[in-house]
Amino acid sequence: MADYTPACVKAALDGMGIALQDETEYVEVALRLSTLVDAVLHLMSEIPDNSDALMPHELTQADDVRRSS
Amino acid sequence: MTHEDICFAGVDALGSAYRAGTLSPVDVVRAHLERIHRFNDVLHSYVTVTDDDAFRHARDCERELRNGIDRGPLHGVPYAIKDQVTTKGVRTTAGSRLLSEWVPQTDATVVTRMRDAGAILLGKLNMCEFALGGSFQFPFGTPRNPWNLDHETGGSSNGAGSALAAGLATVTLGEDTGGSVRSPAAHCGVVGLRPTWGAVSRYGLVPAVWSMDTLGPMGRTVRDVAYALQAVAGHDPFDPTARPAGAGAYRSALARGIRGLKVGVIRDLMEDPALAPDVAAAVRRAIAVLGTLGASVGHASLPLAKHAGAAYVAFGEPEAASLHATRLRSDSAAYGHVARVRLATGLLVPGFAVRWAERVARRAITEDVFRALEPYDVLVAPTSRTTAPRLEAKQNLGYTSKDDVRAEFGLGRAYTTPFAFAGVPALAVCCGFSGAGLPVSLQIVGKRGADDVVLRAGHAYQEATEWHTRRPVLA
């Protein structure tokens with residue numbers, strides 16, 4: 001489980017020269033970040049990585065080719 | 001026509017009256033501006049109203065029409081545009097204090113095209129800050145839902161939805177990244193189209209998530225949306241992602257009806273335990289109407305749609321953050337709370353998560369959409385799992401645990417975002433009202449490039465029903 005703390009978020013943003021407004025904002029970013037990384041790690045077990053090098057927009061273009069052929 | 005009737009008239013009715021000489025563009029602009037100034041202090045649909053320019057343009061249109069110069073169906077029709085789109089000489093705020101004084105030097109391509117078509121700009125429409133969604137603090141006033149002022153409008157094209165519902169414009173242009181045209185269309189009971197990605201030029205658009213941003217027309221009827229799409233779609237040398245395909249076919253497609261159209265109902269969304277009963281019932285009735293019009297109805301599945309929210313945040317917020325990083329360093333206090341928290345999150349998402357979410361998750365969900373569409377002409381589902389939520393007075397997101405955040409990333413986004421991933425056209429059409437009197441919306445999704453088909457299905461539905469003729473009561 002990802003567990004970014006508000007202090008860790010503050011240190012990272014301070015290093016970029018970015019300040020949030022108050023402690024609540026650091027708490028909310030830490031919670032969003034931790035939950036998001038949890039979600040992605042979970043998805044990595046749910047969705048197999050069997051893609052080739054195509055990116056989504058190239059994929060939609062491939063669909064156009066399928067539609068027109 | 002009364003002033004209210006003028007403000008709720010469609011493109012065809014205005015055009016007929018102009019050409020019959022019973023109404024002029026100046027009359028229509030005056031009626032709209034009076035109504036805007038009467039209700040905007042409450043609704044906050046508009047950030048900026050361009051009274052003088054609108055009257056000047058209306059007089060030009062009147063003169064042209066009198067002299068036999070006819071620019072087509074939008075000639076003299078009043079419209080408004082999300083304040084995310086640049087307008088020469090008119091401030092463009094993108095819903096942010098940061099841009100409250102920004103006056104662009106050029107028009108976006110869609111603004112030029114609407115002007116070439118004779119449409120008259122009434123002003124710029126309120127929106128969530130930088131189209132990031134989820135705002136509850138609006139520097140230019142909190143948008144309120146005309147059907148119930150205690151409820152949200154949906155976003156991020158908030159004003160584009162509420163202005164139409166309240167009769168403050170005939171047509172609007174919004175922008176949809178993950179659902180930002182369809183959500184306000186749904187909650188305000190109007191029509192909103194997210195066109196095929198690339199159908200409409202984005203030159204002059206303040207970006208949110210570049211790889212998904214799509215400008216989309218909105219109206220009270222599908223016919224009016226088709227007119228607007230006709231005007232703005234097509235290749236643009238200033239935007240290499242804008243394609244020529246499709247332009248020219250939107251209006252003429254409407255008359256063909258939907259007999260034989262293959263419709264797939266997205267089972268995963270219709271069986272969502274959190275789908276509001278009023279919404280489910282109205283959407284089921286709408287699907288039955290499509291059946292009575294000759295469509296063949298089957299079932300489709302999008303098993304990965306439930307992951308769209310997390311995938312979107314994982315790569316979308318870093319993409320947005322990359323656009324704002326420099327300004328966050330110099331002026332983070334000028335952002336609103338939601339934008340600042342979302343962009344700060346985006347700056348810190350690990351690289352592997354960003355790349356995996358776009359390369360694998362987005363692709364897998366896109367393939368899901370293509371697979372579901374394969375045997376059908378269109379897919380249908382609710383546009384939103386609920387009617388417009390009640391406005392809340394709050395100062396921050398109020399997150400105290402991961403469970404709070406999971407609700408933000410959860411199934412709610414599954415209704416609109418998968419189709420944005422796939423770049424396919426998706427139309428929101430009002431299909432009824434809840435017991436509390438709030439609009440419910442049917443979403444019609446088509447194959448890439450088949451914007452004409454979703455418009456045809458939506459138009460056939462509106463021709464068979466009367467929901468789009470209802471007006472909210474504004475005191």
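1. On a 1 Å grid over the protein atoms alone, a cavity is a set of points where a 1.4 Å probe fits but cannot get out, and its lining residues have an atom within 4 Å of a point. Volume here is the space filled by probe spheres set on the points, with grid points joined across faces, edges and corners. The largest cavity has a volume of about 120 Å³. In the whole structure, 3 cavities of 30 Å³ or more are found.

2. The model is predicted: local features need pLDDT of at least 70 and side-chain atom pairs pLDDT 80 or more, while totals for chains, interfaces and linings use all residues. Residues are numbered from 1 along each chain as its sequence is written, chains are lettered from A and ligands numbered from 1 in the order in which they are written, and side-chain values use heavy atoms, without hydrogens and water.

3. The largest cavity is lined by 13 residues, and B:Leu132, B:Val209, B:Tyr312, B:Gly316 and B:Glu317 are the closest to its centre. Helix H12 (308-331) of chain B gives the largest share of this lining, 5 residues. Helices and strands are DSSP runs numbered from the N terminus (helices H or I, at least four residues; strands E, at least two). By class, the lining has 8 nonpolar, 2 polar and 3 charged residues. Nonpolar covers Ala, Val, Leu, Ile, Met, Phe, Trp, Tyr, Cys and Pro; charged covers Asp, Glu, Lys and Arg; the others, Gly among them, are polar.

4. A pocket, unlike a cavity, is an open set of points with protein on both sides within 12 Å along at least five of seven lines. About 1,400 Å³ of space lies in the largest pocket. Its lining takes in 49 residues, and B:Gly133, B:Gly134, B:Glu152, B:Arg342 and B:Pro389 are the closest to the centre. Helix H15 of chain B gives the most to this lining, with 3 residues. The classes are 15 nonpolar, 24 polar and 10 charged.

5. The second largest pocket has a volume of about 380 Å³. Of its 25 lining residues, B:Phe8, B:Gly10, B:Arg220, B:Thr221 and B:His468 lie nearest the centre. By class, this lining has 10 nonpolar, 7 polar and 8 charged residues.

6. Over all chains there are 6 aromatic pairs. Rings of Phe, Tyr and Trp (its six-membered ring) pair if their centres lie within 6.5 Å; planes under 30 degrees apart are stacked, over 60 edge-to-face, the rest tilted. B:Phe130 and B:Tyr335 make a tilted pair, 5.9 Å centre to centre with 45 degrees between the planes. These two residues are 205 residues apart and link distant parts of the chain. Both B:Phe130 and B:Tyr335 are buried (under 20% relative accessible area; exposed is over 50%, partly exposed in between, with a 1.4 Å probe and protein chains only).

7. B:Trp197 and B:Trp210 pair edge-to-face, at 6.0 Å centre to centre and 75 degrees between the planes. B:Trp197 is buried at 8% relative accessible area, whereas B:Trp210 is partly exposed at 47%. B:Arg202 lies over the face of B:Trp210, 4.7 Å from the ring centre; the criterion is NZ of Lys or CZ of Arg within 6 Å of the ring centre and within 35 degrees of the ring normal.

8. The structure holds 0 disulfides over all chains, a disulfide being a pair of cysteine sulfur atoms within 2.5 Å. B:Cys7 has its closest cysteine sulfur in B:Cys61, 17 Å away and therefore too far for a bond. B:Cys7 is buried, with a relative accessible area of 0%.
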